Amino acid sequence: MRLPLSAAAICCALASTPGMSDATRPRTHFPTRPEQPAPSNRVEPDVDRPLAWLIAAQNDDGSWGDGARSQAPDVATTSLAGIALLRVGHTGSRGEFQASTRRALQYVIAAVERAPADQIAVQGPGTLPQRKLGRNIDTFVAAQFLSEALPTLPHELAGPASAALANCVRRIERAQTADGSFAKDGWAPLLSSAFAANGLHAAATAGAAVDGKKLARADANLMGKYDERTKSFDLSDSAGVPLYSAAASAIASARVQEAKPGSEEASREMQRKAKAVAAGAGEQLSNDRLLRGYGTYGGEEHVSYMMTAEAKAIAGGGEFAEWSKQMRLRLASIQREDGTWRGDHCITSTTFCTAASLITLAVQPRTSGRPA
């Protein structure tokens, strides 16, 4: 049942209060919807200015927080910004801003190393990404950043990065529940589970030891949000927003269809389900109404576009080209005058939204598309 607007506003404010424990924080799927910003007349997004802003916004220790030179940085935001640098060509050893990527990596490695071994989290509580995507989101995104950076690193950083990645994998695997999910807290925990699955898959690709059964269970859980009979999505863990479920289901199904023969994910039933999800989610993710997500653009919308871009890239061909054209126009229309993107609800962080959008724009289709 949708809460009355006044009650929803109160619950959203409480859900954003630092220091409030998950046990005492009220759960609601309906924060207030802010006024929609006036659209710009751009037809193609600019990537040079947001990249320049991202570099200037980084702290001296390699971290990022909400805005420029933030005094409250966090691992999740830093990792997402680091992934953005990697994707646009500034790796651990190449590119004009490779030093920025290495500093971000060193910040994340240090955070993982000092995190208590008995915890899943590698970041203290109370950050904005945690309040919206769950307490352990930093660990999940850190695993993906470490994984993607690892092959590009000079020798002196590769060892510490590899150890930190193995550390994150152990934490993520401990976080998985019996149903295959990784998070039940935050405003949209399904997106957190999607990030956890992304992190494990990226780690496996980077050569880290990852339990194949846990990978399969993670993707089965995400694909299970799509009901083949009703052609709709379970919205219980996605803040009531179909976009988040569709994006998480789509990236999982795309990965499963690429699974190596003989792996847990290559089973006949997993492949059958993946094809059904790809067809259903793929069609819906081209629908403008669904792509509007919550109705305004928050960080949750931006990371959903990022995950959808990855899924469409695996499909390749005309499906990716048409969706990419539509998405580039959408991102151009909401890009701010300084080149950045900022959320209008929930994850409002300029750094978080700008990084996610740069990743979306950097995704390229696979040359051969997904297997038949």
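Analyst: This is a predicted model. In the protein chain, residues 24 or more positions apart account for 72% of the contacts with a separation of 6 or more.

User: How many helices and strands does the secondary structure of the protein chain come to?
Analyst: The elements are runs numbered from the N terminus. Counted in this way, the protein chain has 15 helices and 2 strands.

User: How many aromatic pairs does a search of the whole structure find, and is the pair of tryptophan 187 and tyrosine 244 stacked or edge-to-face?
Analyst: The search of the whole structure gives 4 aromatic pairs. In the pair of tryptophan 187 and tyrosine 244, the ring centres are 6.0 Å apart and the planes form an angle of 70°. Planes over 60 degrees apart count as edge-to-face, so this pair is edge-to-face.

User: How many residues apart in sequence are the parts that this pair ties together?
Analyst: Tryptophan 187 belongs to the loop between α7 (155-175) and α8 (189-205), whereas tyrosine 244 belongs to helix α10 (residues 242-257). The pair therefore ties together parts whose separation in sequence is 57 residues.

User: Is tyrosine 244 buried or exposed?
Analyst: The cut-off for buried is a relative accessible area under 20%. Tryptophan 187, at 5%, is buried. Tyrosine 244 has 0% relative accessibility, so its class is buried.

User: What is the angle between the planes of tyrosine 226 and phenylalanine 233?
Analyst: Tyrosine 226 and phenylalanine 233 are both buried. Their rings form a tilted aromatic pair with centres 5.2 Å apart, and the angle between the planes is 55°.

User: Are α3 and α15 roughly parallel or roughly antiparallel to each other?
Analyst: The axes of helix α3 (residues 75-87) and helix α15 (residues 350-362) come within 8 Å and cross at roughly 30°. Angles under 35 degrees count as roughly parallel. The two helices are therefore roughly parallel.

User: How many nonpolar residues does the contact of α3 with α15 have?
Analyst: The contributors from α3 include Leu80, Ile83 and Arg87, and those from α15 include Phe352, Leu358 and Ile359. By class, the contact has 2 polar residues, 1 charged residue and a nonpolar group of 10.

User: Is the crossing in which α9 passes α11 left-handed or right-handed?
Analyst: The axes of helix α9 (residues 212-223) and helix α11 (residues 268-284) come within 10 Å and cross at roughly 35°. Ala216, Ala220 and Met223 of α9 meet Met270, Lys273, Ala274 and Val277 of α11. These residues divide into 6 nonpolar, no polar and 1 charged. The crossing of α9 past α11 is left-handed.

User: Is cysteine 346 buried or exposed?
Analyst: Cysteine 346 lies in the loop between α14 (317-334) and α15. Although cysteine 346 is not a glycine, its phi is positive, at about 55°. Its relative accessibility is 11%, so its class is buried.

Note on methods
Residues are numbered from 1 along each chain as its sequence is written. This is a predicted model: local features need pLDDT of at least 70, side-chain atom pairs count only at pLDDT 80 or more; totals for chains, interfaces and linings use all residues. Side-chain values use heavy atoms; hydrogens and water are left out. Rings of Phe, Tyr and Trp (its six-membered ring) pair if their centres lie within 6.5 Å; planes under 30 degrees apart count as stacked, over 60 as edge-to-face and the rest as tilted. Helices (H or I, at least four residues) and strands (E, at least two) are DSSP runs, numbered from the N terminus. Buried means under 20% relative accessible area, exposed over 50%, partly exposed in between (1.4 Å probe, protein chains only). Axes are lines fitted to C-alpha atoms, for helices over the stretch in contact, and angles run from 0 to 180 degrees between N-to-C directions. Angles under 35 degrees count as roughly parallel, over 145 as roughly antiparallel, 65 to 115 as roughly perpendicular and the rest as oblique. Contact means heavy atoms within 4.5 Å. Ala, Val, Leu, Ile, Met, Phe, Trp, Tyr, Cys and Pro count as nonpolar, Asp, Glu, Lys and Arg as charged, and the others, Gly among them, as polar. A crossing is left-handed if the near helix is turned anticlockwise from the far one by less than a right angle, and right-handed if clockwise.
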